[in-house]
Amino acid sequence: MRLLLVEDNVPLADELNTLFTQNGYAVDWCTDGRDAAVMALNIPFDMIVLDLGLPGRPGLQLLEEWRENGLDTPILILTARTSWSERITGLRAGADDYLPKPFHPDELLLRLQGLMRRRHGQRPTPKLSVAGVVLDEASQSATTEAGGDKQVNLTRAEFAILRYMMLHPEHVIPKDRLLDHLYDSEHERNPNVVEVHINHLRQKLGRGVIITQRGQGYRFGGSSREDNQ
């Protein structure tokens, strides 16, 4: 999942970048509201974490402008402004959630998880369960019915790919789209690496978990014994 972090506090942003990366997010970070205004409208982010007190352009102004331009990406405001009136203003402007600073990292991760689940019609349960595959986001592991519910540990990249595909179970996902959502702007995008990670997922969870649609991309297949290449 690709995340835009808009935060001008550098030490905090460094901590958040590490937190998000360790939990399977590809993070693009900017400190200036003017840069954020352009990035959010031109890059297919899955979510945005937005501070309000920014140089260049205030966060609230960005939020209103994005919504006026039709941007429907889930947005969580993360700010030191804690009064109830400021929370209401942020939510009315189009924020999907509002978390005041200071905060606990686990609460932030769970709020982001809940936003993404609701975005894709999933219940905000402790584990993501789709078509016989259960993904534990806390431990970055998975089980399948076909595998006898044995827990399988995933690498960070495998976890990120499986989570994205489980949130889009009815979609055929082109390789370019996977690259857009799994890598930030600083990393080189190698399509062959995606194939390697998908093959590893098939070896761990069963070949039917991810199905190749020739000439189109990949589709989440769920927990089955289907022998697709």
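**Close-up 1. Helix 6 meets helix 8.** In this predicted model, Ala157, Glu158, Ile161 and Leu162 of helix 6 touch His197, Ile198, His200, Leu201, Lys204 and Leu205 of helix 8 (contact means heavy atoms within 4.5 Å). By class, the residues of this contact are six nonpolar, two polar and two charged; here Ala, Val, Leu, Ile, Met, Phe, Trp, Tyr, Cys and Pro count as nonpolar, Asp, Glu, Lys and Arg as charged, and the others, Gly among them, as polar. Helices (H or I, at least four residues) and strands (E, at least two) are DSSP runs, numbered from the N terminus.

A word on the model: residues are numbered from 1 along each chain as its sequence is written, and side-chain values use heavy atoms, with hydrogens and water left out. As this is a predicted model, local features need pLDDT of at least 70 and side-chain atom pairs count only at pLDDT 80 or more, while totals for chains, interfaces and linings use all residues.

**Close-up 2. Two domains side by side.** The domain assignment gives domain 1 (2–120) and domain 2 (127–220), with bounds from an automatic or database assignment. Their C-alpha centres lie 25 Å apart. Where they meet, 15 residues of domain 1 are in contact with 18 residues of domain 2.

**Close-up 3. The largest pocket.** This pocket holds about 300 Å³ of space. On a 1 Å grid over the protein atoms alone, a pocket is an open set of points with protein on both sides within 12 Å along at least five of seven lines, a cavity is a set where a 1.4 Å probe fits but cannot get out, and lining residues have an atom within 4 Å of a point. Grid points are joined across faces, edges and corners, and a volume is the space filled by probe spheres set on the points. Of the 16 lining residues, Thr21, Tyr25, Ala26, Arg156 and Leu182 are the closest to the pocket's centre. Strand 2 (26–30), helix 6 and helix 7 (175–182) each give two or more residues, and helix 6 gives the most, with four. The lining has nine nonpolar, five polar and two charged residues, and both domain 1 and domain 2 supply at least three.

**Close-up 4. The largest cavity.** The largest cavity has a volume of about 50 Å³. Its lining includes Met1, Tyr25, Gln113, Arg117, Glu137 and Arg163. Helix 5 gives the most to this lining, with three residues, and at least three come from each of domain 1 and domain 2.

**Close-up 5. Two spots in the backbone.** Most residues other than glycine have a negative phi, and most peptide bonds are trans. The bond from lysine 101 to proline 102 is cis, with omega near -5°; proline 102 sits in the loop between strand 5 (97–100) and helix 5 (105–119). Alanine 131 has a positive phi of about 50°, in the loop between strand 6 (128–130) and strand 7 (133–136).
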